[in-house]
Amino acid sequence: MTDTTGQTKPKMPGQIPYIIANEGCERFSFYGMRNILTPFLITSLLLSIPEHLRAAMAKEVFHTFVIGVYFFPLLGGWLSDRFFGKYNTVFWLSLVYCCGHACLAIFENNINGFYFGLFLIALGSGGIKPLVSSFVGDQFDKSNRSLAQKVFDAFYWIINFGSFFASLLMPIFLKKFGASVAFGIPGILMFIATVIFWSGRKKYVHVPISAKNPHSFLNVVRTALFDHKGAGTGIAVIGMIAAVGSLTLIPAIGIVAAFCLALVLVLGFGGIGAWMQLETARGIHPDEAVDGVRSVLRILVVFALVTPFWSLFDQKASTWVLQADAMTKPEWFQSAQMQALNPALVMILIPFNNLILFPLFKKLGIELTALRRMGLGIAFSGLAWIVVGFMQLAIDGGDAISIVWQILPYALLTFGEVLVSATGLEFAYSQAPLAMKGVIMSFWNLSVTIGNLWVLLSNSSVKSPAVTEQIKQTGISVTAFQMFFFAGFALLAAFLFALYARTYKMQNNYRSA
């Protein structure tokens, strides 16, 4: 088919509906269990814990689970890129995912069995997370890549379609029918998602697994750091020593947070060291490989600056739910149902942005590039937390605040989410070298893990009597103080993101037709 200029119009791949339908069902299953997790822990599973400690423990369990969900993409990406390919990895880990849901439904009164189910869901959901989105990108080539952003937007829209109904319905099922039904229904949806994905197996484009490459990212980094030892090597070694030292914090912050902190230190210091000495790898590795590593390191800086956004975003399912418990609302309304507002707004904002807002800015001569959108999104998340901080001050002062007031911060946060997350999916795929699509998408998801790590570290710090006393001297509660702290954290990140974005050179790493 050709357009009026005589050029062939890009064609939408026919296999896309299978992936979109799979994603809608899978996201219903994930958010269906995730959005009732905190209320279930507080009202059922953690009843043996003293009441004044229950909310903090539920919040810790929730964010530890989210850390796992967004850590396992590293494993999924590695298995896919090196051994099984995207389709096989997604299919088999989806079955693991189904088993995790079954454990939640069966072991509703058994804390060890329930936690094992959370582990399986983290492994299955996390393992497939970077692969499904990059599998979408594999279905396109340079002849129709102009349609890719529309599909990524549709992909993100269907995620929120599933999330909306899950957030709305699952709290009701939990209250009326109990945990086994409320956790069982998401399991059924996950099984349906797996069947849909399997049904399209003969239609998909399967990008072959890359052969073991002596000039891979890790091999080039290893050469840069250790074949020509210098200041960069010293920085990397300092990072390793600091990482080992962070494991001594396990009694204070827990094994998951300590392990993730160690990983951050290795990646951060190792990345800086490799950047400093990367040119020494030329000659040993081809220029294309060295330039590819430089490109990946630039991408990782972008991902690192996005981590504060996830610190704020994921707390809507923990901190904001706990705040909603203290607000006035109808008896029939469950605090966790407020989360349905987020996906509902996403489904409105994505078409609004693409059809009205972005074209309007373009007519005005303002180009909202991917990086500009992401930077603005981080800033809007900070504004949302300023609002919830002032609301918390009113609650702490004894004022009766209606839950309706949470609509404003939800709107600000969701607008930020659309600018960061929907844009970030296509950005991550387009910037990744062809041989590292799965791994780069894994690092995009790892930014969520690190964001939740900041939450755990913040919560651990305020357990210290000395820190608590310092906060009391400000005249506000610990909860309100943390809200304003995270708001400032995001606004600072948005400023640094804007500075870095000015020097970033965009890539076009879609496969050839």
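**Cysteines, helices and their contacts**

Modeller: The structure contains zero disulfides, a disulfide being a pair of cysteine sulfur atoms within 2.5 Å. Cys 98 takes part in none, and the nearest cysteine sulfur, that of Cys 99, lies 6.9 Å away. In general, a disulfide is a covalent bond between the sulfur atoms of two cysteines.

Some ground rules come next. This is a predicted model, in which local features need pLDDT of at least 70 and side-chain atom pairs count only at pLDDT 80 or more, while totals for chains, interfaces and linings use all residues. Residues are numbered from 1 along each chain as its sequence is written, and side-chain values use heavy atoms, with hydrogens and water left out.

Cys 98 counts as buried because its relative accessible area is 14%. Buried means under 20% relative accessible area, exposed means over 50%, and partly exposed is in between, with a 1.4 Å probe and protein chains only. Cys 260 is also buried, because its relative accessibility is 4%.

Now the helices. Helices (H or I, at least four residues) and strands (E, at least two) are DSSP runs numbered from the N terminus. The expected span of a helix is 1.5 Å times one less than its number of residues. Helix α4 (residues 73-106) has 34 residues, and a straight helix of that kind would reach 50 Å at 1.5 Å a residue, but the end C-alpha atoms of α4 are only 26 Å apart. There is a bend of about 120° in α4 at Phe 84. The bend at a residue is the angle between axes fitted to the seven residues ending there and the seven starting there.

Just after α15, Gly 398 has a positive phi of about 95°.

Helix α14 (residues 341-363) has 23 residues and reaches 31 Å from first C-alpha to last, close to the expected 33 Å. There is a bend of about 55° in α14 at Asn 353. Asn 353 is also among the buried residues of α14, which include Asn 342, Pro 343, Leu 345 and Phe 358. Just after α14, Gly 365 takes a positive phi of about 85°.

Contact here means heavy atoms within 4.5 Å. Ser 167 counts as buried because its relative accessibility is 1%. Its side chain also makes a polar contact of 2.5 Å with the side chain of Asn 35. A polar contact is a pair of N or O atoms within 3.5 Å; within protein, one must be able to donate a hydrogen and the other to accept it, and residues adjacent in sequence count only if both atoms are side-chain atoms.

A second pair to look at is Leu 446 and Tyr 70. Leu 446 sits in helix α17 (residues 437-461) and is buried because its relative accessible area is 2%. Leaving out residues up to four places away in sequence, Leu 446 touches Tyr 70, Phe 71, Leu 74, Leu 263 and Leu 267. The C-alpha atoms of Leu 446 and Ala 304 are 9.2 Å apart, although 142 residues separate them along the chain.

Tyr 70 is in helix α3 and counts as buried because its relative accessibility is 10%. Beyond its neighbours within four places in sequence, Tyr 70 is in contact with Lys 129, Asn 445, Leu 446, Val 448 and Thr 449. Glu 51 also belongs to helix α3 (residues 51-71), but Glu 51 counts as exposed because its relative accessibility is 64%.

Last, the core. A nonpolar core is a set of buried Ala, Val, Leu, Ile, Met, Phe, Trp, Tyr and Cys residues joined through side-chain atoms within 4.5 Å. The largest one has 149 residues, and those with the most contacts inside it include Phe 65, Phe 303 and Trp 385. Helix α12 (residues 287-313) gives the most to this core, with 14 residues. Apart from its neighbours within four places in sequence, Trp 385 is in contact with residues including Leu 312, Trp 320, Met 483 and Phe 486.
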